Amino acid sequence: MSSRMFKFGVTAASACVGSVIASWSIDRWNSPHVVNNAVQRPPKRKRTLPMRSEQIKSLMSGEEFDVLIIGGGATGVGCAFDSVTRGLKTALVEMDDFASGTSSRSTKLIHGGVRYLQKAILGLDLEQYRMVKEALAERATMLESAPHLTHPLPIMLPVYTWWQVPYFWVGIKAYDFVAGDRNVKSSYLLSKKDALELFPMLKKDKLCGAIVYYDGQQDDARMCLAVALTAARHGATVCNHVEVQELLKKDDGTGKKVLCGAKVKDNITGKEFTVKAKCIINATGPFTDSIRKMDDPTVKSICCPSSGVHIVLPGYYSPDQMGLLDPSTSDGRVIFFLPWQRQTIAGTTDLPCEITHSPTPTEDEIQFILSEIKNYLNADVEVRRGDVLSAWSGIRPLVSDPNKDDTQSLARNHIVHVSSSNMITIAGGKWTTYRAMAEHTVDAAIKACNLKPERPEAVTAFLKIEGGQGWTPTMYIRLVQDFGLECEVAQHLAKSYGDRAFAVAKMASLTGKRWPIIGNRIHPEFPYIDAEIRYGVREYACTAVDMIARRMRLSFLNVQAASEALPAVVDIMGEELQWSKDEKQRQITLATEFLANEMGHAINRTSKERIPIKLSKEEIQTYVKRFELIDKDKKGYVSINDIRRALKNFGDGDVSGEQLHDILKEIDTNMNGQVELDEYLQMMSAIKTGDVAYSRFARMAELEEQKHEAANLKQKISVDRSGGGL
């Protein structure tokens, strides 16, 4: 034991000393070139945001752009923001919606990578060290540029073996040290008692203590959208739902074929047209190779896709402001357990996958995450499959570097590649470094395509993102006082829209109540209001999926709630976009398929269907009795009219048709529009085992039985026998 203690003590001390020496020497000899952009006149932004129709008109104008960016994820919109603020005429096209792919399906962290630093120090890996240092600097920049969408988040690293306390403490302190003056907040050590006070759900047995360090957290889809909107306000032409069908080339005068534009299609209207550009940037994430092969069919693939699944659990699984890091899962991958938007995110997995526009989480991946988080939660917290509110899969675009001869090794950092036809490809990297990646990409584009920007250096590090300019932490109070919004709604609007929240509030409808005065919620469990749907259309939302997944994060937070709110969302969007009845139905169908396949709704339903009925004889008799009380006509099944009649008996006569169908759908596993006895018994068994969290139908049946017994009791005890009362 003493020899083991000595080894770990030496390792910890060596890591600390090594990080100090390495950081000092590398920073001394390899310090980045800093340009004082503060003296330059900052670019002006437009007062009003151009409508999507105006952006499409700009694309179709036939004018030549300096830069055409393909891809509307984090990297693509970052390139558009960097390019336009340098004074280049910029356009961006995205075949789906901004952040519709990986950029909306992240862990929501803004981080440098604790594990990368461990490998960098112990492996003396200079490349990984530089990657971590750059990410830590960009972490601070993101927190400053979008204060409404980001915030520091403490993350706890629980320690269950005493010798790991100094080892982890040294490693986390090295993380702080590498961040330098760009550090968010200093890490600190906690005793067992203090750790349990801050994170009471933590497993107590053998807990030695914990270390808390800080990273950042964001709303990733809204951050991506905000960067795109900021680029648009500075004059960039950004268009979602516009697909590149062909790349165009011309002779540059020396016999060399270079890119000069692209044929594109507006997937909303079906119009096809040509966009001219001096330079084309490929920022398509997992779809990098499809665009590279559009440029040159003979190039080798460089993208190695990996699936990362996250699940969302109720907020009571974690404290409001404390995350958890599991550094050693059974497959060697780090698992995060983080509070987000009053819920809890857990993930992620790491498995090879196929590239697809519709990545789907699997039951095995969900069960893996659930089993891993059980190891860190105390016995009082029963981790149930039925508590999974939503699940999604994102594709990590890991790449091999085409600039190197050995293309078998994956690049841990991002790569920028210039093809023989001058197409600039930016691939790899992560959300945190999106701005630096964009800067490197535009630098390469200017050099390769001989562009003439007004400002040769990037200025994005000094500019606020859409909504961040006038935002303050107490801004929501003005929304409550000036507009009569609920406090929870006002806080949500301030955090999601920043200083644009006032524009959203002005579009809110009257509630007809004494309080709140305005702001009708689209779902009672969440602070999203009707005005956000109308404002979302002005933020280039074109489909119902755009709205429930990325303008509002409802589908990511609770897929069932998103399904229930969908009709109201489509109705309001239909008013704004003048949809016909058939188009509204088409939007509901597409959104329902999205929720089923990509947000875990179908797999949640399938998991219920696979549950065997495990009930005692007495329990089965009780549930059969309840079922027969609702099925008053003895049909052998419960119809939607039976549910309506039962709810009226409890004073819920104003339940809408949509709500009745929602109650029916959560138990109608064979989708035939009626509830059979075996479906009801299966639901009750699933609730008993924890595979299903709750059921409104089950509660309704229980109340029906109580009402029936109360009525029988009244009949049995007459007035004469009761003595006439008191």
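1. Let's start with a cysteine: at 1% relative accessibility, Cys 279 counts as buried (buried means under 20% relative accessible area, exposed over 50%, and partly exposed in between, using a 1.4 Å probe and protein chains only). Cys 260 is buried too, with a relative accessible area of 17%.

2. Before going on, a word on what you are looking at. This is a predicted model, in which local features need pLDDT of at least 70 and side-chain atom pairs count only at pLDDT 80 or more, while totals for chains, interfaces and linings use all residues. Residues are numbered from 1 along each chain as its sequence is written, and side-chain values use heavy atoms, with hydrogens and water left out.

3. Back to the cysteines. A disulfide is a covalent bond between the sulfur atoms of two cysteines; here the working cut-off is a pair of cysteine sulfur atoms within 2.5 Å. How many disulfides does the structure hold? The count is 0. Take Cys 279: the closest cysteine sulfur, in Cys 449, is 3.4 Å from its own sulfur, so the two are too far apart for a bond.

4. Now have a look at strand β10 (residues 272-282). Strands here are DSSP runs of E with at least two residues, helices are runs of H or I with at least four, and both are numbered from the N terminus. Two strands pair if DSSP finds at least two bridges between them. With strand β1 (residues 64-70), β10 pairs in the parallel sense over 6 bridges; Glu 64, for instance, has Lys 276 as its bridge partner in β10.

5. β10 has other partners. Which way do strand β9 (residues 257-266) and β10 run, parallel or antiparallel? They run antiparallel, with 5 bridges between them. Lys 265 stands opposite Glu 272 in β10. The β9 and β10 hairpin has 5 residues between the strands, and Gly 270 takes a positive phi near 85° in this hairpin.

6. On to a pair of helices. Two packed helices are described by the angle between their axes and the distance between the axes. Helix α4 (residues 114-122) packs against helix α5 (residues 126-145) at about 145°, and the axes are 8 Å apart. Axes are lines fitted to C-alpha atoms, for helices over the stretch in contact, and angles run from 0 to 180 degrees between N-to-C directions.

7. Who makes that contact (heavy atoms within 4.5 Å)? From α4 come Tyr 116, Leu 117, Lys 119 and Ala 120, and from α5 come Gln 128, Tyr 129, Met 131 and Val 132.

8. Two residues other than glycine have a backbone angle worth checking. Lys 206 has a positive phi near 65° and sits in the loop between α7 (192-198) and β6 (209-218). Tyr 540 has a positive phi of about 75°, and its place is in the loop between α15 and α16 (544-551). Which is their setting, buried or exposed? Lys 206 is exposed, at 70% relative accessible area, whereas Tyr 540 is buried, at 1% relative accessibility.

9. Finally, some cis peptide bonds. One runs from Gly 347 to Thr 348, with omega near 25°; Thr 348 is in the loop between β14 (343-347) and β15 (351-352). Another joins Trp 515 and Pro 516, with omega about -5°, and Pro 516 lies in the loop between α14 (501-505) and α15 (530-538).

Notes
Contact = heavy atoms within 4.5 Å.
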